Amino acid sequence: MLSRTAENLYWLARYVERAEYLARTIDATLRVTALPAAYVGKTNEWDSALLTAGVAASFYQAYEEANEDNVVEYLSFSPNNPSSIRNCIEAARLNSRSVRTALTSEMWDTINSAWIELQAVWSKGTSTREDLAKFLRFVQETSLRFDGSAYRTMLRNDAYWFSRMGVHLERADNTARILDVKYHVLLPEAEHVGGPLDFYQWSSILRSVSALTAYHWVYRETLKPWLIADLLILNDTLPRSLASCYGNLVRNLDQIGVAYGRQGPAQRHARGIRNRLEHSNMNDIFQHGVHEFIQEFIADNSRLGEIITKQYLI
Amino acid sequence: MAVAFDEMNIPGGDLRPAYRELARWLRETPPEALDYRRQEAELLFRRIGITFAVYGDTESTERLIPFDVIPRIMSGKEWTLLEKGLKQRVRALNMFLRDIYHGRDILRAGIVPDDLIFQNPVFRPEMNGQEVPHDVYVHIAGIDIVRVDAEDFIVLEDNARTPSGVSYMLENREIMMRLFPDLFARHRVAPVERYPDELLAALRSVAPHSASSEPTVALLTPGVYNSAYYEHSFLADKLGIELVEGRDLVVKNNEVFMRTTEGMKRVDVIYRRVDDDFLDPLTFRPDSVLGVPGLMSAYAAGNITLANAVGTGIADDKAIYSYMPDIVQFYLGEEPILKNVPTWRCREPKDLAYVLDNLGDLVVKEVHGSGGYGMLIGPAATKATIEAFREKLKREPEGFIAQPTLALSTCPTCTAAGLAPRHVDLRPFVLTGSKGTTIVPGGLTRVALKEGSLVVNSSQGGGTKDTWILDE
């Protein structure tokens with residue numbers, strides 16, 4: 001397939017995944033900030049929402065203070081934020097238009113309908129919390145529909161694999177970013193203070209990767225930071241864990257390698273990261289520092305993006 | 001202006017046979033039901049994303065072409081005649097192009113004046129002596145046809161460069177079949193869905209000699225911001241070929257390749273929807289970023305087929321148009337089946353004088369214009385507009401031709417006040433490959449939605465209709 005087509009499919013999937021992640025982040029933050037101060041502590045949750053979205057620096061160039069109104073606006077609708085939800089959907093639609101021939105009509109319909117709704121219903125943003133909740137649901141449903149229609153309707157060939165790679169690379173980045181911002185509340189020392197404050201912090205992390213229910217099914221335990229980190233990093237049954245994302249990335253890259261009859265640096269690099277995840281346990285990770293581990297992962301993950309681009313997309 | 005030919009009703013109250021069943025159906029169908037389906041059709045178009053862009057329109061970059069749900073119907077007998085005429089015309093166009101870029105018999109015979117060719121900006125000296133596979137220059141032609149009476153088909157213009165609109169022909173039919181299955185059941189409508197297959201076959205048949213037995217065809221688009229982008233992606237999809245932009249292609253050793261995820265892949269035939277001027281910055285406009293550097297040298301080396309060929313503009317130029325009856329005669333020795341609109345060539349002093357005296361009654365067109373821009377419709381223009389145009393015409397008479405205002409035929413059309421006659425034209429799509437010429441029965445009917453308006457161009461408020469050829 002055309003390199004440009006593969007590139008568009010890959011980025012299209014990333015934009016949709018990112019939009020959903022932003023919607024989850026806003027949703028989770030709203031829940032925590034709605035609690036009485038005694039349960040949340042003094043941290044500015046809107047500030048950490050910006051950090052997990054990776055847009056804090058550009059935000060503070062435009063705003064003085066991070067509060068609900070301006071962070072929601074910036075993450076959801078701002079035309080000045082290149083990865084606001086609105087811009088993600090706009091970019092997804094533009095990419096879809098460029099590769100319409102590689103999309104199934106169901107995928108196109110999902111993106112095009114979302115783009116039409118964005119303009120028809122959400123062009124002025126949201127004015128009430130009810131509105132905002134509706135908007136966030138709309139974004140999540142768009143992503144579900146997109147994923148579902150890709151899964152159900154695409155031919156299992158390179159177009160599908162490049163699109164899935166976009167999903168998993170973006171997902172791994174998002175999960176890693178939450179961990180990067182929140183790692184301190186997961187540190188073992190924090191277990192001593194395990195009061196209500198931490199409970200809500202922890203559940204908020206799980207909620208933003210839609211893993212709160214999953215946690216209980218996997219561990220049948222009350223929330224423990226150790227296990228939360230285990231779930232998000234190493235548990236390959238959780239679709240948003242780093243291990244699961246890399247299991248999928250390695251598989252997709254192998255499928256491409258088989259179809260094209262040759263492997264390259266992307267396959268090797270992805271396998272390297274997956275092996276490291278497979279051979280780690282939480283004990284080692286905490287010993288060597290969660291923060292360092294995560295930062296290294298984020299760098300490795302974005303390097304994989306660059307290698308894939310070089311090997312296939314240009 | 002004469003009374004327009006009504007394609008449905010015969011003066012005196014009778015119906016033309018092709019429309020009888022439709023008229024019966026319309027009587028049985030309550031207006032609300034029709035209205036409801038109109039809205040449904042619009043929703044479908046928007047969801048599928050069948051849009052076009054209007055240049056210089058900042059309001060919205062993507063617009064829908066209004067779709068009228070009342071089909072335009074022709075009998076099989078009428079179509080047979082039209083088809084014969086179209087094949088004849090396109091054969092002559094191809095022979096004319098071959099001649100212009102080789103022996104130039106027609107110039108020596110004094111049928112077409114030399115300066116009209118050599119001083120014409122759309123004449124491409126690069127094509128002199130260039131061989132093209134099977135001598136096909138115009139693989140895809142869109143011939144605009146109008147009717148003024150029950151007997152004749154008149155060619156309004158020939159489009160031999162990159163004619164567009166065929167996606168509407170196909171999508172209009174799809175949507176009509178979805179919305180009005182009962183109406184189809186009551187007619188025998190000749191299908192149009194073969195078009196993509198026939199187009200692909202024609203394109204593959206003209207692959208260069210150096211191509212493999214399974215030639216690779218690609219569609220070259222200027223990109224998502226082009227007004228016809230939807231059509232480009234639609235056709236690439238239906239043909240199962242790659243939709244490429246200039247940046248996807250590279251020329252190496254006079255061969256054309258596309259960049260793929262598996263490396264470079266040779267391309268043999270390019271169905272290009274990019275104008276000559278933008279094809280190759282090394283040969284034509286150096287500022288073009290839409291083209292492919294070196295494409296023309298690969299073309300000259302015979303390693304790539306471009307469809308349509310470079311330089312076909314010289315055949316659909318409005319000044320050349322007026323010579324078409326003579327051109328048909330010259331190459332085929334036959335009477336033209338399709339008529340021409342009587343045309344005054346403003347470059348000729350006698351004609352110019354007549355045109356200047358009768359501006360109020362004539363349609364004056366720019367020789368190189370298209371899309372309905374830059375023309376004067378005398379009877380509909382204000383005095384001031386006419387005077388301004390007169391000055392333009394005097395300054396540069398060779399840039400214009402003039403024609404009488406035709407009373408284009410009308411078809412019943414949905415309007416705010418119910419069904420009413422509106423003026424229509426027809427663009428059938430004529431395909432030519434190594435095995436000859438084919439035309440799917442039908443084409444794109446364009447309709448001027450404003451009462452009395454004769455401008456059917458989508459960029460100027462025209463709409464489209466499904467075109468039915470009855471298979472009797």
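B:Glu242 sits in strand β7 (residues 242-244) of chain B; strands (E, at least two residues) and helices (H or I, at least four) are DSSP runs numbered from the N terminus. This is a predicted model, in which local features need pLDDT of at least 70, side-chain atom pairs count only at pLDDT 80 or more, and totals for chains, interfaces and linings use all residues. Residues are numbered from 1 along each chain as its sequence is written, while chains are lettered from A and ligands numbered from 1 in the order in which they are written.

B:Glu242 counts as buried because it has 23 C-beta neighbours inside 10 Å. The cut-off for buried is 20 or more other C-beta atoms within 10 Å, with C-beta atoms placed from the backbone. Leaving aside neighbours within four places in sequence, B:Glu242 is in contact with A:Leu2, B:Ala218, B:Ala236 and B:Met258. Contact means C-beta atoms, placed from the backbone, within 7 Å.

The contact takes 18 residues from chain A and 16 residues from chain B. Three helices of chain A, α1, α6 and α7, each supply at least two residues of its side. α7(A) gives the most, with five residues.

| Helix of chain A | Residues |
|---|---|
| α1 | 3-33 |
| α6 | 85-98 |
| α7 | 105-120 |

By class, the chain A side has eight nonpolar, five polar and five charged residues. Ala, Val, Leu, Ile, Met, Phe, Trp, Tyr, Cys and Pro count as nonpolar, Asp, Glu, Lys and Arg as charged, and the others, Gly among them, as polar.

Technical notes. A residue is buried if 20 or more other C-beta atoms lie within 10 Å of its own, exposed if 12 or fewer, and partly exposed in between; C-beta atoms are placed from the backbone. Two residues are in contact if their C-beta atoms, placed from the backbone, lie within 7 Å.
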